[in-house]
Amino acid sequence: VIVKSTIQSYLAYQYKKLLAMTLIILMYALFASSFSAGKILLNYCSPLYLTAIRMITAGSILLSYQYFIAHHHFKFNRNHIWYYCQIIIFGIYITY
(Lines give C-alpha, C1' and ligand atoms only; values in the text may rest on other atoms or scores of the structure.)
Protein backbone atom coordinates (compact mmCIF):
# COMPACT_ATOMS: atom_id res chain seq x y z
CA VAL A 1 0.00 0.00 0.00
CA ILE A 2 2.85 2.39 0.83
CA VAL A 3 4.66 1.57 -2.40
CA LYS A 4 1.49 2.13 -4.43
CA SER A 5 0.84 5.57 -2.89
CA THR A 6 4.49 6.51 -3.41
CA ILE A 7 4.30 5.54 -7.08
CA GLN A 8 1.03 7.44 -7.48
CA SER A 9 2.46 10.58 -5.90
CA TYR A 10 5.58 10.29 -8.09
CA LEU A 11 3.44 9.95 -11.23
CA ALA A 12 1.30 12.92 -10.16
CA TYR A 13 4.47 14.95 -9.66
CA GLN A 14 5.78 13.96 -13.10
CA TYR A 15 2.43 14.85 -14.69
CA LYS A 16 2.45 18.29 -13.07
CA LYS A 17 6.02 18.82 -14.19
CA LEU A 18 5.17 17.84 -17.77
CA LEU A 19 2.12 20.09 -17.76
CA ALA A 20 4.17 23.03 -16.49
CA MET A 21 6.83 22.53 -19.16
CA THR A 22 4.16 22.28 -21.86
CA LEU A 23 2.59 25.53 -20.70
CA ILE A 24 5.98 27.25 -20.67
CA ILE A 25 6.72 26.11 -24.22
CA LEU A 26 3.26 27.25 -25.32
CA MET A 27 3.82 30.64 -23.69
CA TYR A 28 7.14 31.11 -25.51
CA ALA A 29 5.55 30.07 -28.82
CA LEU A 30 2.78 32.63 -28.38
CA PHE A 31 5.29 35.29 -27.39
CA ALA A 32 7.42 34.59 -30.46
CA SER A 33 4.43 34.64 -32.79
CA SER A 34 3.31 38.02 -31.45
CA PHE A 35 6.27 39.70 -33.16
CA SER A 36 5.34 38.27 -36.53
CA ALA A 37 1.68 39.11 -36.04
CA GLY A 38 2.59 42.67 -35.01
CA LYS A 39 4.76 43.14 -38.05
CA ILE A 40 1.99 41.93 -40.36
CA LEU A 41 -0.66 44.04 -38.62
CA LEU A 42 1.45 47.19 -38.96
CA ASN A 43 0.91 46.95 -42.72
CA TYR A 44 -2.85 47.37 -42.19
CA CYS A 45 -3.16 49.86 -39.30
CA SER A 46 -1.27 52.61 -37.52
CA PRO A 47 1.01 51.84 -34.55
CA LEU A 48 -1.14 53.88 -32.16
CA TYR A 49 -4.28 51.99 -33.16
CA LEU A 50 -2.48 48.65 -32.86
CA THR A 51 -1.22 49.55 -29.39
CA ALA A 52 -4.70 50.63 -28.33
CA ILE A 53 -6.28 47.39 -29.54
CA ARG A 54 -3.59 45.30 -27.84
CA MET A 55 -4.01 47.12 -24.52
CA ILE A 56 -7.82 47.03 -24.62
CA THR A 57 -7.77 43.31 -25.40
CA ALA A 58 -5.25 42.55 -22.65
CA GLY A 59 -7.13 44.69 -20.14
CA SER A 60 -10.42 43.02 -21.00
CA ILE A 61 -8.92 39.56 -20.55
CA LEU A 62 -7.32 40.48 -17.22
CA LEU A 63 -10.45 42.18 -15.88
CA SER A 64 -12.60 39.24 -16.97
CA TYR A 65 -10.28 36.82 -15.17
CA GLN A 66 -10.27 39.01 -12.08
CA TYR A 67 -14.06 39.37 -12.07
CA PHE A 68 -15.04 35.76 -12.79
CA ILE A 69 -12.18 33.69 -11.30
CA ALA A 70 -10.67 35.75 -8.47
CA HIS A 71 -13.74 37.84 -7.72
CA HIS A 72 -13.13 37.99 -3.98
CA HIS A 73 -10.17 40.33 -4.68
CA PHE A 74 -12.06 42.46 -7.21
CA LYS A 75 -12.56 45.91 -5.68
CA PHE A 76 -13.08 48.75 -8.13
CA ASN A 77 -13.33 52.14 -6.45
CA ARG A 78 -14.79 54.99 -8.52
CA ASN A 79 -12.42 57.45 -6.83
CA HIS A 80 -9.48 55.69 -8.50
CA ILE A 81 -10.66 56.20 -12.09
CA TRP A 82 -8.58 59.38 -12.43
CA TYR A 83 -5.47 57.47 -11.32
CA TYR A 84 -6.17 54.71 -13.83
CA CYS A 85 -6.51 57.28 -16.62
CA GLN A 86 -3.15 58.83 -15.67
CA ILE A 87 -1.48 55.42 -15.73
CA ILE A 88 -2.97 54.71 -19.14
CA ILE A 89 -1.89 58.03 -20.64
CA PHE A 90 1.58 58.29 -19.10
CA GLY A 91 2.44 54.60 -19.08
CA ILE A 92 1.35 53.62 -22.57
CA TYR A 93 0.74 56.45 -25.00
CA ILE A 94 3.40 58.95 -24.02
CA THR A 95 6.08 56.27 -24.28
CA TYR A 96 5.21 55.85 -27.97
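## A nonpolar patch on the surface

In this predicted model, the side chains of Y15, L19, L23, L26 and L30 form a nonpolar patch on the surface, and together these residues have about 530 Å² of accessible area. One of them, L23, belongs to helix α1, which covers residues 2-41.

## The second largest pocket

The second largest pocket has a volume of about 440 Å³, and its lining is made up of 16 residues, among which S34, L50, I53, R54 and M55 lie nearest the centre of the pocket. Helices α1 and α2 each contribute at least two residues to this lining, with the largest share, 9 residues, coming from α2.

## R54 in helix α2

R54, one of the residues that lie nearest the centre of the second largest pocket, is located in helix α2. Because its relative accessibility is 46%, R54 counts as partly exposed, a class that falls between the limits of 20% for buried and 50% for exposed. The C-alpha atom of R54 is separated by 14 Å from that of G91, a residue 37 positions away along the chain.

## T51 in helix α2

T51 is also placed in helix α2, which comprises residues 47-68. With a relative accessibility of 6%, T51 counts as buried, since the cut-off for that class is under 20%.

Methods:
Residues numbered from 1 in each chain as written. Predicted model: local features only at pLDDT ≥ 70, side-chain atom pairs only at ≥ 80, totals over all residues. Heavy atoms only, no water. Helix = DSSP H or I, 4+ residues; strand = E, 2+ residues; numbered from the N terminus. Buried < 20%, exposed > 50% of the residue type's maximum accessible area, 1.4 Å probe, protein only. Patch = residues over 30% accessible without salt bridge, like charges linked within 9 Å, V, L, I, M, F, W, Y side chains within 5 Å. Areas by Shrake-Rupley, 256 points an atom, 1.4 Å probe, with all protein chains shown as cover. Salt bridge = Lys/Arg side-chain N within 4 Å of Asp/Glu carboxyl O. 1 Å grid on protein atoms, 1.4 Å probe; cavity = no way out; pocket = protein on both sides within 12 Å on 5 of 7 lines; lining within 4 Å. Points joined across faces, edges and corners; volume = space filled by probe spheres on them.
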